[in-house]
Amino acid sequence: MFSLLLLLFSTSILQTAADSSNVHCFAEVNEQTGECEDYLGEGVSNIDCCLNIKYGYKLHGSSSCVGCRPAEWSQWSDWSPCTVSCMEGVQQRQRVCIGDGDCLKGQNLEVRSCSLQDCCPQAGGWSSWSSWSQCSVTCSVGQRQRTRECTNPPPSCDADCPGHRVETELCDTYQICPTHGSWGTWGSWNPCSSNCIREGSGIFPIQPRYRDCNSPPPSVTPPGRACDGSRQDTRDCRELPFCAIDGSWGSWQPNSDCSVTCGVGRITQKRTCDNPAPRHGGRDCVGSPVRQTICNTKVPCPVDGRWSEWTEWSICSVLSGDNIRCKSSLGSQSRNRECQGQRHEGKWCEGSRRESRACYYFEKCKADGSWTEWSEWGLCSSPCGRAEKTRSRECEPIYPDFPTIVQGATKVVDVFFSGNPKVQCDAINGQTVKVVEKTECRNLPECT
């Protein structure tokens, strides 16, 4: 099956190449969004771009990303926030199909129930206001306040009362207070006495700034104190530049080697802002010191092999052909897998191609049963509108007390029960094999 997918994948590339000999090539495909990243350039065919199976391409700037690998699902995104802040809601997560073609199995969206808080907050009510407090000053205008409590009724589920617990208002004593003077904020610095510094002179221009005693000014009746300190402040203009020399680019240096040894990469050229270099605050060179162009090695990149899924376990049996069904006689069974997709001197799959194990053959054998615990709740049946979720219990066999660890020819081995025995548990709701429970998923978004 995998070989067929590779053949279709290669055919698709050849067909696309016939339609487009100039694609936009990218060195990476995002594992979660499926978007092309790390742009290499254009001017190569999609066949050459896909000499590295990790690359991707676009037929033009606004088209969707096409991965060079065969189609496969990305990793699941994180679960979205719960749709409600209290009681039961739902969460969603998504994945995208990355690669050339369609992903044959699975869904791109999953939904599950969630609950951030078991109760919803209920605001409380305020008590009556207290009496006003004494005025905060003995002359001029001050403040006074009164309070109330959130107890009529008290709030529930970590809620509060709307509004403020404390209320403040102005109070006038009808007595005049003396006003002492206070400096206002400093004004802006005046211009420096010169716009540049003579290099090596050791003398700096100066700049002054001023402030007024007006925040507030001292009162006359009753008399207030004047401001202390000086109205003027000065500083050296040490930040002024020397005479500026603007920078200019030197010539481009020879090209570097291609950044890769297979597939498509980059070559780099560099230049230096030294013809002349900027001095004394002169402007730096405008533009980039590095430029890159695409390079094509025309060499396919290695593709490592990947194991296929394991086949089903073979029937538990013995070489002599004796009947061991429902008996404590040991047999053996095996399963296989294939290393697929290895090309261009890529790595061969690590691990064994074949597994075997010791077994007891219990196909259609009678056995007592016992119910499992309830499973976790499954996913919601729809991402929007009305949906339900399920959980289940299953009747599992109770196997005979046969040895499950035995001494093999060279080592101690585990023994497994193989086959589907005839098993039945005490009925639950009329069911003896599997019991399923369903319930509604709450607070899903409306379908659009």
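**Strands, cores and salt bridges explained**

Reader: What makes β1 and strand β3 a pair, and in which sense do they run?

Author: β1 and β3, the latter covering residues 56–58, are joined in the antiparallel sense over 3 bridges. Two strands count as paired if DSSP finds at least two bridges between them, so β1 and β3, with 3 bridges, qualify. The names follow DSSP runs numbered from the N terminus: strands (E) need at least two residues, helices (H or I) at least four.

The model is predicted, so local features require pLDDT of at least 70 and side-chain atom pairs pLDDT 80 or more, while totals for chains, interfaces and linings use all residues. Residues are numbered from 1 along each chain as its sequence is written, and side-chain values rest on heavy atoms, without hydrogens or water.

Reader: Which strands make up the open sheet, and in what order?

Author: The open sheet holds 4 strands in the order β2-β1-β3-β4, with antiparallel pairing. Why are β2 and β4 said to stand at the edges? Each has a single partner strand, so one side of each lacks a neighbour in the sheet.

Reader: Why is the set that contains V23 and V264 called a nonpolar core?

Author: The term denotes buried Ala, Val, Leu, Ile, Met, Phe, Trp, Tyr and Cys residues joined through side-chain atoms within 4.5 Å. The largest such core has 10 residues, namely V23, C25, L40, V44, C49, C50, Y55, Y57, C68 and V264. At least two of its residues come from β1 (23–29), and at least two from β2 (36–44). A second, separate core of 8 residues includes A358, Y360, F402 and V406. In soluble globular proteins, nonpolar side chains tend to be buried together.

Reader: Which residues does V264 touch?

Author: Contact means heavy atoms within 4.5 Å. Leaving aside residues up to four places away in sequence, V264 touches C25, L40, D48, C49, Y55, I294, C295 and N296.

Reader: How do you know whether N52 is buried or exposed?

Author: Buried means under 20% relative accessible area, exposed over 50%, and partly exposed in between (1.4 Å probe, protein chains only). N52 has 14%, so it is buried. N52 is found in the loop between α2 (46–49) and β3. Beyond residues up to four places away in sequence, N52 touches C68 and C301.

Reader: What makes R209 and D233 a salt bridge?

Author: A salt bridge is a side-chain nitrogen of Lys or Arg within 4 Å of a carboxyl oxygen of Asp or Glu. The closest N and O atoms of R209 and D233 are 3.3 Å apart, so the pair meets the limit. R209 lies in strand β11 (residues 206–210) and D233 in strand β12 (residues 232–236), so the bridge ties together parts 24 residues apart in sequence. By this rule the count comes to 20 salt bridges.

Reader: How far apart are the closest N and O atoms of E355 and R335?

Author: They are 2.9 Å apart, and E355 forms a salt bridge with R335. E355 lies in strand β18 (residues 354–361) and R335 in strand β16 (residues 331–336), so parts 20 residues apart in sequence are tied together.

Reader: Why is E355 described as partly exposed?

Author: Its relative accessibility is 30%, which lies in the range between buried and exposed, so the label partly exposed applies.
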